[in-house]
Structure formats: structure tokens, C-alpha cells
Amino acid sequence: MPTPSTPPRPVESFEDLRAAGLSGLLESIDEGLPARLTGEIRERLAVDPEEMASLLGISPRTLKRRGESGTLTPVESERLYRIARLFRKVHQCFRE
């Protein structure tokens, strides 16, 4: 866990979402998570791009544009984090 003098590590992958401290996670969400995380999480969930866009509350075309720009909006980032967190909880539940 980062100390107060250590800047929080940016979230770059699914594993980083779990490992990020609260301040790092909040900062990454406010700045916008990398759009490539949608693909990583989409693959883990085994959903098509249209379903992923629907889960994020955006159109498939907007999802494609986010991939081109490289960053999600803060609202989309929070939704993606919640989806990833729910996926992780369900996965833990079925592993036990």
C-alpha cells in the first residue's frame, strides 16, 4: 500500500483495480480508466461488445470511440469498476 509520500499507482489492468489503494482508485476513476480495460473485462465476462456497451450505459459506437481515444469518462470508469468488482465477487463465491 502506498505511503502518504508515495504517489498512487495508476490503474492499467484488471489486477490493478484490485491492488490499487482507495486514493489511487478514486484518482484513476476521476481521470478516466484506460478504455482497453473494457476489452479485458469483456473477455473475462465472455460478452460481446454490444453487451459491454449496454453494461456501461453507452452505445456500441461510443464504446468504439472510447477505444480510439484511449480513456473512459469518469462515469463510465465508475461503471466499469463496479462491473469488475461484481465479477471478482461472483468468481470468489463460486471458487469457494
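I looked up the handedness first: helix 3 passes helix 4 in a right-handed crossing (right-handed if the near helix is turned clockwise from the far one by less than a right angle, left-handed if anticlockwise). Helices here are DSSP runs of H or I with at least four residues, numbered from the N terminus. I noted that this is a predicted model, where local features need pLDDT of at least 70 and side-chain atom pairs count only at pLDDT 80 or more, while totals for chains, interfaces and linings use all residues. Residues are numbered from 1 along each chain as its sequence is written, and side-chain values use heavy atoms, with hydrogens and water left out.

Next I checked the axes, which are lines fitted to C-alpha atoms over the stretch in contact, with angles from 0 to 180 degrees between N-to-C directions. Those of helix 3 (residues 36-45) and helix 4 (residues 49-56) come within 10 Å and cross at roughly 110°. That makes the two helices roughly perpendicular (65 to 115 degrees).

Then I listed who touches whom (heavy atoms within 4.5 Å). From helix 3 I found T38, I41, R42 and L45, meeting P49, M52, L55 and L56 of helix 4. I sorted this contact into six nonpolar, one polar and one charged residues.

Helix 6 gives the largest share of the lining, five residues.

Technical notes:
Parallel < 35°, antiparallel > 145°, perpendicular 65-115°, else oblique. Nonpolar A, V, L, I, M, F, W, Y, C, P; charged D, E, K, R; others polar.
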